[in-house]
Amino acid sequence: MKAKAGLVLIVIAATALALTLAGCSGQPREQVRGHAVEVVIRSITEVESLRIRDQAGRIWDFTGAPGFIGFPPSHVKEHQLQGLSLLVTYVREGDALVAVHLAD
C-alpha cells in the first residue's frame, strides 16, 4: 500500500511540474548570465525577486515565477557571496521579466 501512495505522490508532482512548465510554454524564453546583486526570499524554496549584473555591467531585475525555479534562495545567496555567476532563464510578461529557471 505504501508503494502505491509513493507512486501517487510522484505522479502528482510530475503533473504539477508539467502544468507549471506548460503555463510558460507560450512565451519565448530568453537567458542572461550574471552575478547576483540582490535576492529577496518568498519562502524557503521560492525566490520573490532577483537582481543580477551581467558582464557588461547592466543590471537586470527579475520577479521569481511561482514555485521552485531550480535553486532555493539560499543557494542564490551563496552564489552572491562567493561571486559565482548564475544563468537566468526568463520570460517577458508585459514590462516585467519573470525568472522561470536558474542554473549554474
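## A contact at Thr89

The side chain of Thr89 makes a polar contact with the side chain of Gln31, at 2.9 Å. The model is predicted, and every value here is computed from it.

Where is Thr89 found? Thr89 sits in strand β4. Is Thr89 buried or exposed? Its relative accessible area is 9%. Buried means under 20%, so Thr89 counts as buried.

## Around Thr89

Thr89 and Val100 are eleven residues apart along the chain. Their C-alpha atoms are separated by 5.8 Å.

## The barrel

Strand β4 belongs to a closed barrel of five strands. The order is β1-β2-β3-β5-β4, and the pairing is mixed. From one strand to the next, the twist averages 55°.

Strands of a sheet pair through backbone hydrogen bonds, either parallel or antiparallel. Which sense do β1 and β2 use? Strand β1 covers residues 30-41, and strand β2 covers residues 47-54. They pair in the antiparallel sense, over seven bridges. Look at Val40: it stands opposite Ser49 in β2.

## A helix on the sheet

Helix α2 spans residues 73-82 and packs on the sheet. Which strands does α2 touch? They are β1, β2, β4 (85-93) and β5 (96-103). The direction of α2 makes about 105° with that of β1.

## Two sides of α2

Pro73, Val76 and His79 are buried in α2. Why do they lie on the same side of α2? They cover an arc of only 115° around the axis, and that puts them on one side together. An α-helix has 3.6 residues a turn, so residues three or four places apart point the same way.

The buried residues of α2 pack against β1, β2, β4 and β5. What about the other side of α2? There, Leu81 and Gln82 are exposed.

After α2 comes Gly83. The phi of Gly83 is positive, near 75°.

How values were computed. Residues numbered from 1 in each chain as written. Predicted model: local features only at pLDDT ≥ 70, side-chain atom pairs only at ≥ 80, totals over all residues. Heavy atoms only, no water. Pairing = 2+ DSSP bridges. Helix = DSSP H or I, 4+ residues; strand = E, 2+ residues; numbered from the N terminus. Axes fitted to C-alpha atoms, helices over the stretch in contact; angles between N-to-C directions. Contact = heavy atoms within 4.5 Å. Buried < 20%, exposed > 50% of the residue type's maximum accessible area, 1.4 Å probe, protein only. Polar contact = N/O pair within 3.5 Å; in protein donor to acceptor, adjacent residues only side chain to side chain. Arc of directions from axis to C-beta.
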